[in-house]
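These are my notebook entries on one structure. I set down what I looked up, entry by entry.

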Amino acid sequence: MSRPTPALLLASWLAVPGLALAQDALTPQKLALIRRDEQAALERVNEAYGKRKPSEMTTEERRQVIQDQQSAVAAVLEKHAVSDKQYARQVARLSLEERAAVQEAAKQLEAQEKAAREAPNQPLPPEEIPIQNGITEENPVELESVAGAPPVVEQGLPPGELGLEQTEPPVEEATPSPPAAGQEVPAE
């Protein structure tokens, strides 16, 4: 054997387990998430074309719908960092138990989405709000403080800030000067 052949053999042995792990990276949860995103993307494309049947479209419209659907699915797969070939192989090789796990993961995703939609509708529990009556030297307002540090009271504008009086020069109105003696004022 020549020298490059053992090096290639060693490199292939090291690369093969990495390829096997990369193909197993599609868990049932990830497959369910990809399917959900894929269906949402296809639904957006269908709504863009008015949810019309293919028989109601012209040939050019059908061709455009198919291209848009393919690009939407490709964008979803790219978002999840999965090749279409890897995704198709993984879906085709799923056993019955794995398919059930994917369906269960899809149900969990749907339940999480439903809970997220309903959460804003529920009223939040009341919180205690501290009320401060007035600002004094003994009770200053602190926006940010470190535990144990004395209160810092700043007066005036923060460093680097300019007030209106400093940014705009005073506007002086130009008053017309009276005509000098000996000059005639044109009459209108």
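**Entry 1: helix H5**

I began with the buried residues of H5 and found that they pack against H2. I took contact to mean heavy atoms within 4.5 Å. Which residues of H5 are buried? I noted Val102, Ala105 and Leu109. I used three classes: buried is under 20% relative accessible area, exposed is over 50%, and partly exposed lies in between, with a 1.4 Å probe and protein chains only.

The model is a predicted one, in which local features need pLDDT of at least 70, side-chain atom pairs count only at pLDDT 80 or more, and totals for chains, interfaces and linings use all residues. Residues are numbered from 1 along each chain as its sequence is written, and side-chain values use heavy atoms, with hydrogens and water left out.

I then looked up the length of H5. The helix has 23 residues and reaches 33 Å from its first C-alpha to its last. This is close to the 33 Å expected at 1.5 Å a residue, the expected span being 1.5 Å times one less than the number of residues.

I also looked up Gln108, which lies in H5 (residues 96-118). Gln108 counts as partly exposed because its relative accessible area is 43%.

**Entry 2: the whole chain**

I counted elements next. The protein chain has six helices and zero strands, and from the N terminus on the order is α-α-α-α-α-α. Helices (H or I, at least four residues) and strands (E, at least two) are DSSP runs, numbered from the N terminus.

Of the 188 residues of the protein chain, 13% count as buried. I recorded an accessible surface of about 16,500 Å², of which 56% belongs to carbon and sulfur atoms. Such areas come from the Shrake-Rupley method with a 1.4 Å probe, and for residues only the protein chains shown count as cover. Among contacts in the chain with a separation of 6 or more, residues 24 or more positions apart account for 64%.

**Entry 3: H2 and H4**

I looked up how H2 and H4 pack. Their angle is about 115 degrees, and their axes are 12 Å apart. Axes are lines fitted to C-alpha atoms, for helices over the stretch in contact, and angles run from 0 to 180 degrees between N-to-C directions. Which residues make the contact? From H2 they are Leu31, Ile34, Arg35 and Glu38, and from H4 they are Tyr87, Gln90 and Val91.

**Entry 4: salt bridges**

I counted salt bridges, each being a side-chain nitrogen of Lys or Arg within 4 Å of a carboxyl oxygen of Asp or Glu. The count comes to seven.

One of them joins Asp37 and Lys79, with the closest N and O atoms 3.3 Å apart. The pair links distant parts of the chain, as Asp37 is in H2 (residues 28-48) and Lys79 is in H3 (residues 59-79), 42 residues apart. Are the two residues buried or exposed? Asp37 counts as buried because its relative accessibility is 15%, whereas Lys79 counts as exposed at 61%.

Another joins Arg117 and Glu110, with the closest N and O atoms 3.9 Å apart. Arg117 is partly exposed at 47%, and Glu110 is partly exposed at 40%. I noted that Arg36, Glu110, Glu113 and Arg117 are linked in a network of salt bridges.

Glu43 also forms a salt bridge, with Lys51, the closest N and O atoms being 3.0 Å apart. Glu43 is partly exposed at 33%.

**Entry 5: residues in loops**

I followed Lys51 to the loop between H2 and H3. Lys51 is exposed, with a relative accessible area of 53%. Its phi is positive, about 50 degrees, although Lys51 is not a glycine.

Ala81 is placed in the loop between H3 and H4. Its phi is near 55 degrees, a positive value in a residue other than glycine. Ala81 counts as exposed because its relative accessible area is 67%.

His80 is buried, with a relative accessible area of 10%. Which residues is His80 in contact with, leaving aside neighbours within four places in sequence? I recorded Lys30, Leu33, Ile34 and Asp37.
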